[in-house]
Amino acid sequence: MSEAAIAAEEARPGRLKAFGTFARRNPTIVIGAVLLAFMVTLALLAPLITNPPMQASPADRLKPPDFSNFFDPEKRDRFGTDNLGRDIFARTLHGARVSLMVGLSVAILATVIGLAIGLVAGYYRRVDAVVMRLMDGLMSIPSILLAIALVALTRGGLLLLIIAITIPEVPRVVRLVRAVVLAVRERPFVDAAISVGSRSRKIIIRHVLPMTVAPLIVQATYICASAILIEAGLSFLGAGVPPEIATWGNMIAQSRLFFARAPWLIFFPGAALALVVLAVNLLGDGLRDRLDPRLARRM
Amino acid sequence: MGAYIARRLIATIPVMLVVAVCVFLLLHLTPGDPAAVLAGDNATSDQVAQIRAQLGLDEPLWRQFGMWLWRLMQGDLGESLFWGKPVLDLVLERAEPTISLALTTITFAVIIAVSLGVLAAWQAGTLVDRLIMGFAVLGFSVPVFVVGYVLIFVFAINLRWVPVQGYTPLAEGVGPWLERLVLPSIALGLAYVALIARITRASMLEVLAEDYVRTAQAKGVATRPMLTRHALKNAAVPIVTVVGIGVALLIGGVVITETVFNIPGVGRLVVDAIQRRDYPIIQGCILIFSAVYVLVNLLVDISYTFFDPRIRY
């Protein structure tokens, strides 16, 4: 590095420099987080910056995408229109709201439930055998089929869908937490805590729980990504969010008959879906490398 | 070995039992009358009453479960509401396309993924490695149906290299059969390739750092036998494990792929059953797919001895 460059580097404000170093060492975290933040912002702003997603307009059916005057607020065919003349741009942005909400809810729910079960199973040996057999069984049921069955049975809405996607994800968290607990409880500081007479509950919360945080954050991002994919898959199959709500899975399912003539109907929601899942996956990979180097080497 | 296989077979019984209990409770613990659900939306109250009697729904729950399990073990998965035929027959009629799709996908995915993973590990840290791993992250992120439609659009509609959709039975010749399976296999296998390539790379990296690999290189073993015979064989156990676990991914994907490509397989059967709320079909297919998953992973366990003779049972 030349002297001038070094001087310039040193002249930069401290925080910015720290961020620069962080970004250079953890490019995947930064790329994933920026991409995700961008999509979240668009999703949150969707009702303000787009047309109503359900507004049909038979006059402009199946219009191809037109990127000219992109920022004209009256424009309806930025990403083209569908067979009912609905604005694909508006629908894609609104679809992001459902996907992100499902992903986030499932990640939080599955992590919390799995953490509770995993802590108990790992710490109390008597519970362990029963719980783990249960989890083995639950894990052998393909998650999409389990969710299909739950949705087909109850025909519920979004909440039921979230529960249906959460249930098959729980065993993965339980296994992870249990593995951490089993390793931690052999450590000397747990013996020390037991010998000074700490109660089990206190040991679990004070000594075991903190050790699970890092791997759980990583796992939660992967669960978020997989939940978004499963939600889209279920909506696509007609077992997800009711068809009148604009989700990426629903949009693609409804475009199946027209896609040879109008590929943009599938391209835009599909690309958005891939982009969000990619952002979450990159974030997860980066966090894993940073928080859990041992796991990073194994994967 | 025989004793080991027998022991492992017995160990799958509790797992399958848990699956059966879950599937059974799913129907009986969700709010609403199971008889009404099973009878479908257009059923008369007589039909509901008939199903109620048939299932013994007035009996205590554990007895209902016993009866259901007993019939299950005799291969009776119930009767489809729409088709009025045993679920097992319907599944068997549609088994060929699904098995064909699964087998071609696994074959192509394992070959490609292991090659990519070995290449990435051998070239670790280089551009090639980064490209392959970047492709793997992408493979995890793009959903099956999006890949499927892109493939159909490019290769079937625009380039006209392969037929658009559908399935040709194997009996009509290997060529036509394979021709229609190419695109669905790629779409279905993408995430699976990503998964296996990543674990192959990780496992190979670990083995390539071992002393005996350096010794082999020092002795002048050429690169190719060093990678395949010395390293890959020792890296195989985690790879085979993931191939087994990844079958869960395939099963979920089969349902979607068959819808995208209009393949009349078991997956389509399930999807059609959703719209018709043909619950016995969904229930039966969950049981069958879960059993397949458990059996595949049993085979994986047994295959360990082949790759690593130090593992003895």
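This is a predicted model: local features need pLDDT of at least 70, side-chain atom pairs count only at pLDDT 80 or more; totals for chains, interfaces and linings use all residues.
Tutor: Residues are numbered from 1 along each chain as its sequence is written, chains are lettered from A and ligands numbered from 1 in the order in which they are written, and side-chain values use heavy atoms, with hydrogens and water left out.

Student: What makes up chain A, in helices and strands?

Tutor: Chain A has 12 helices and 0 strands, where helices (H or I, at least four residues) and strands (E, at least two) are DSSP runs, numbered from the N terminus. The C-alpha trace of chain A spans about 80 × 70 × 30 Å along its principal axes.

Student: Why is A231(B) called buried?

Tutor: Buried means under 20% relative accessible area, exposed over 50%, and partly exposed in between, with a 1.4 Å probe and protein chains only. A231(B) has a relative accessible area of 0%, so A231(B) is buried; its place is in helix α11 (residues 223–234) of chain B. Of the 299 residues of chain A, 51% count as buried.

Student: How do you know that R8(B) and D301(B) meet in a salt bridge?

Tutor: A salt bridge is a side-chain nitrogen of Lys or Arg within 4 Å of a carboxyl oxygen of Asp or Glu, and for the side chains of R8(B) and D301(B) the N to O distance is 1.9 Å. R8(B) lies in helix α1 (residues 2–29) of chain B and D301(B) in helix α15 (residues 279–307) of chain B, so the pair ties together parts that are 293 residues apart in sequence. With a relative accessible area of 24%, R8(B) is partly exposed, whereas D301(B), at 16%, is buried.

Student: What makes D272(B) and R268(B) a salt bridge, and where do they lie?

Tutor: The closest N and O atoms of D272(B) and R268(B) are 2.8 Å apart, and the two form a salt bridge. Both residues lie in helix α14 (residues 266–276) of chain B, 4 residues apart, which is about one turn of the helix. A search of the whole structure finds 14 salt bridges over all chains.

Student: Why is the pair of F82(B) and W83(B) called edge-to-face?

Tutor: Rings of Phe, Tyr and Trp (its six-membered ring) pair if their centres lie within 6.5 Å, and planes under 30 degrees apart count as stacked, over 60 as edge-to-face and the rest as tilted. The centres of F82(B) and W83(B) are 5.3 Å apart and their planes stand at 85°, so the pair is edge-to-face. W83(B) itself is partly exposed, at 37% relative accessibility.

Student: What makes the charged end of R94(B) sit over the ring of W83(B)?

Tutor: A charge sits over a ring if NZ of Lys or CZ of Arg is within 6 Å of the ring centre and within 35 degrees of the ring normal. The charged end of R94(B) sits over the ring of W83(B), 5.1 Å from its centre.

Student: How do you know that C285(B) is in no disulfide?

Tutor: A disulfide is a pair of cysteine sulfur atoms within 2.5 Å, and the structure holds 0 disulfides over all chains. For C285(B), the nearest cysteine sulfur, that of C22(B), is 17 Å away. At 1% relative accessibility, C285(B) counts as buried.
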